[in-house]
Amino acid sequence: MDNGKDILLSVQDLKVYFHLNQRLAQAVDGVSYEVRKGETVCLVGESGCGKTVSALTTLGLIPQPPGEIAGGQVLFKGQNLLDLGDDEMQKIRGNHIAMVFQEPMTSLNPVFTVGDQVQEAIMVHEKVSKTELRQRSVQLLEDVGLPAPEERLADYPHQLSGGQRQRVMIAMALACNPEVVIADEPTTALDVTIQAQILNLFGELQRERDLSLLYITHDLGVVANIADRIYIMYAGIIVEQGSAPEIFHDPRHPYTQGLLASLPNRAKRGARLHSIPGTVPDPAYKPGGCPFHPRCNLAIETCQSRFPEMCDYGNGHQSRCPVLYDGNG
Amino acid sequence: MATRADARCCMMATGEGYNLDMEQMEQAGNIVLKVEGLKKHFPVRRGFFQRVMGSIQAVDGVDFDIEAGKTLGLVGESGCGKSTVSRLILKLLEPDEGKVIFQGQDISGLSQNQMKPLRKEMQIIFQDPYGSLNPRMTIGESIEEGLRTLGVKGQAERKARVEKLLEMVGISASAAYRYPHEFSGGQRQRIGIARALSVDPSLIVCDEPVSALDVSIQAQIINLLKDLQTQLGLSYLFIAHDLHVVGYVSDTVAVMYLGHIMEYAPADELYDKPLHPYTLALLSAVPVPEPDKRCELKALSGDVPSPLDPLPGCRFQGRCPLVEERCREDEIKFYQAGENHRVRCWKVIAG
Amino acid sequence: MMRDAADTVTPGFQVDDPVALQQGFGQLLKQNRLAMIGLAVFVVFFCIALLGLGLTSGRNPTFDPSVVRLQEKLRPPLSKPNLETLSTEDVPRLGVYLFGTDDLGRDVFARMLQGAWVSLTVGFVAVGISVFIGIFMGGIAGYFGQRHTFIDTLIMRFVDIMLCFPSFFLILTVVALLPASMYNIMIIIGLTSWMGTTRFVRAEFLSLREQDFVTAARALGVSNFRIIFRHMIPNAIAPVLVSATIGIASAILTEAGLSFLGFGVPPPHATWGGILSDGKRFIFDAPWLTFAPGFAILIVVLSFNLFGEGLRDILNPKLRERQG
């Protein structure tokens, strides 16, 4: 698993900055992660930590300006996507890497039918006859578990429920058999029972198609249920990475520890919840040194000035907290 | 009323712990709010002449009660009517039928004027910390609105009270002169809580107070709400869709589906022995943050149906795994399944 | 493994430093160059108009717009008066006809000065009236309309009826019936242009009503009056201001149009539209008579439109949030 052979997507030291009048927001500040064939990688973090920006950058969807890719590489099968022009990028998008967005309400165009939109997703990359187009879109909608797919083709997005719309979005993402699907909080806007349906659907699709999934979320419950490997992001950097059991049972960064401890559940009733003090920093006003130090209960003086390096715990489990690392010997 | 608030504020400021006063001791265990057969249907009008084409049965016969100093969790998926319940209790909407009995007084028939002294007894905290504060008013002005209706005269007096309230929710007093956009979501939520506390209420309706917040901030707000509850003897109606949060904060939980309460039980009992198939489905659909317990989430099939003109019989019939002929015909009553445990399913009662 | 973090409820938990998430109104305005140009041009015109009012009125004005010099008619701009044929008090103050003279030999520059004040006051007063009516009617329809549907229906159908009239001809009819005076014209323009603002304010109020902070105010027991004036109008005023600036431009045009057709402010008082109208007969012999007022109207209207557009961008909450 650790030989880099089947790494499909590899983001290396990516830096994405945004120029907002007079200020520079370092939304993504040196992030590296990789997605291997057939695995589910979760990018976990709170709002403004740069998880969505880093994913959008891999698809070349960052508006420039105000955005600026200040450094790093996005390698897809060894090819740096950041070097590609718009036309070449268009061929990658959808065809090799596809994306599912958070808001199923706004990601579909309200004036076109479901059929139109699914068929368009196919036609962008492939030339196929009309009958085949129809067959394939029905098949796609059936694959994502939409009931009565033949009839759904003529429906408009407003006639579908939120969960059904998200299924259509997934069908469109799968239209050209991509190798990697990036899902940006696809279930956040959905009810729990519908979220469970969609998560199960992702699981099925992945098994059937050997799909690689880069799943962006802030919900640790969801992460625990689907992730093979996890990257925890905070203020534009990755603070901890590792396999799901390692992150959940043996977190080695105070932020990860704090997050897990602050989750409410029934068992903790009566006891005070652990809470991380302070607020998530604005990407334009990040504290120096370790960005987590103002909220960290382990912070020592060096944390304020020295940017923490990755400490290796073996098996790909790494954390950016030298204080904890030294403490454990 | 004002004196009680004063006493609380002062004690908070001086850092003394304090106990429930005698009056509240007597009330403990008493029922602050009792809701009986609450109904609200919104007519749906269509066409040029605005004819009534049907009605959205947002709330259709809801009963529950909240004890003093306790929390009732109200859970349900979107469109189940839980927000409408909160608006009905606060009398921001008029119920079509049913009673809202607050501290022994039926408020559903009261006029705006009669309602005025009771208004400040019940307050609300909102989900969206960005929409809940007037962007054109400073934090201090927003909180002062409550003090004004309370009849606190004198600017200096009000200012001092605002600062105390801000400190109570963990915001520095200098914040009073700033505008909402200068604060993060969690801080705005604290300010919203301060505004609710400004009139010294005994019941606070928390309408999804943490679901729009970041994970690390959620715990702060939940702790704050819990602390305030013990300090001030508040009762909460805690509306949420996150079962983990509800399980943590609530003493009693009501599960709502399409305008009906499906199950109503003490929190422990509901989580350990859920009786209604919907509660069961809801609980098994929630992903648990334990990678070892990973299994296929038991997903209910189908979508949450529209509350527009629901079918007769059980509201859950379309998605229920146990559905039978009788569920489609009979009006399903709220059965007693144990002490304080009620469930709207005849099959459960029949065994 | 995990120590309890600092208690978040302890007094003295500090708010983060005041992050200047949002820039001030002035700063945003400075960055919007077109809006700044519009504002500057408008300020210049306003000063000129104010100055012009002082210089052209009174018993013995510095620039007398009403002196008739028949022997000096239709002189081109910058031409010198023939001092031999003029009595000394009739000689233009600057010793030159800056914008030439009209068919009665009146100094066009002096007349333009006098007309500037009329145009601007017509614009402001008419829009003031329309904004006032608009906020009032829109506010009532938006705030009370949900509970008392008939009020909403009544107001909005009345708006529809008013919008059905071709308003310029309505104004023409009314002006023809009423005695022509500057104030009548302002009032009539105001009374026929409030419908847009009403719709605007109603829509704003309908969406503001559903905002949580308004619900919170109602839950606190704040009175309807205070909710409307303290919570809703300040939040609804931005788009109204924008439409008002553009409304001023159109009111100036309406007045000019009326004067052009001969229904405007009665002579001898000069208005830009009136000068334009008088000059049209001599457009080939004395083009300055149409160009001078035409140009002035164009620039003022343009500056208002630019400013209004800029204001819309600046007050756009989405844009402001993006700054933050």
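This is a predicted model: local features need pLDDT of at least 70, side-chain atom pairs count only at pLDDT 80 or more; totals for chains, interfaces and linings use all residues.
B:Tyr335 has B:Val343 in β12(B) as its bridge partner. As background, the strands of a sheet pair through backbone hydrogen bonds, and the pairing can be parallel or antiparallel.

## The eight-stranded sheet

Zooming out, β11(B) and β12(B) belong to an open sheet of eight strands with mixed pairing. Reading across, the order is β6-β7-β8-β3-β9-β10-β12-β11 (chain B). The edges are taken by β6 (122–125) and β11 (335–338) of chain B; each has a single partner strand, so one side of each has no neighbour in the sheet. On average, neighbouring strands are turned by 20 degrees against each other, direction ignored.

Two helices to look for pack on this sheet. Helix α7 (residues 185–197) of chain B touches β6 and β7 (203–207) of chain B, and its direction makes about 170 degrees with that of β6(B). Helix α11 (residues 277–285) of chain B touches β9 (252–257) and β10 (260–266) of chain B; here the angle to the direction of β9(B) is about 100 degrees.

## Where chain B meets chain A

Both of those helices turn up again at the contact with chain A. In this interface, 37 residues of chain B are in contact with 39 residues of chain A. On the chain B side, the elements giving two or more residues are α7, α8 (215–232), α9 (243–249), α10 (267–272) and α11 of chain B. The largest share comes from α8(B), with seven residues. By residue type, the side of chain B that touches chain A has 20 nonpolar, ten polar and seven charged residues.

## Where chain C meets chain B

Chain C also touches chain B: 25 residues of chain C are in contact with 33 residues of chain B. On the chain C side, α8 (212–220) and α9 (224–260) of chain C each supply at least two residues, and α8(C) gives the most, with eight. This side of chain C divides into 14 nonpolar, nine polar and two charged residues.

## Chains A and C

Chain A has twelve helices and twelve strands. Its C-alpha atoms fill a box of roughly 70 × 50 × 45 Å along the principal axes. A compact globule of 329 residues would have a radius of gyration near 20 Å, and chain A, with 21 Å, agrees with this. Of the 329 residues of chain A, 48% count as buried.

Chain C has twelve helices and zero strands. Buried residues make up 43% of its 324 residues. Among the contacts in chain C with a separation of 6 or more, 71% are between residues 24 or more positions apart. In chain A, 64% of the contacts between residues at least 6 apart in sequence join residues at least 24 apart.

## The largest nonpolar core

The largest nonpolar core has 261 residues. Those with the most contacts inside it are A:Ala171, A:Met233, B:Ile89, B:Leu237, B:Phe238 and B:Val255. Helix α3 (residues 108–144) of chain C gives this core its largest share, 19 residues.

Methods. Residues are numbered from 1 along each chain as its sequence is written. Chains are lettered from A and ligands numbered from 1 in the order in which they are written. Two residues are in contact if their C-beta atoms, placed from the backbone, lie within 7 Å. Helices (H or I, at least four residues) and strands (E, at least two) are DSSP runs, numbered from the N terminus. Ala, Val, Leu, Ile, Met, Phe, Trp, Tyr, Cys and Pro count as nonpolar, Asp, Glu, Lys and Arg as charged, and the others, Gly among them, as polar. A residue is buried if 20 or more other C-beta atoms lie within 10 Å of its own, exposed if 12 or fewer, and partly exposed in between; C-beta atoms are placed from the backbone. Two strands pair if DSSP finds at least two bridges between them. Axes are lines fitted to C-alpha atoms, for helices over the stretch in contact, and angles run from 0 to 180 degrees between N-to-C directions. A nonpolar core is a set of buried Ala, Val, Leu, Ile, Met, Phe, Trp, Tyr and Cys residues joined through C-beta atoms within 7 Å. The radius of gyration is taken over C-alpha atoms; the globule rule is 2.2 Å times the number of residues to the power 0.38.
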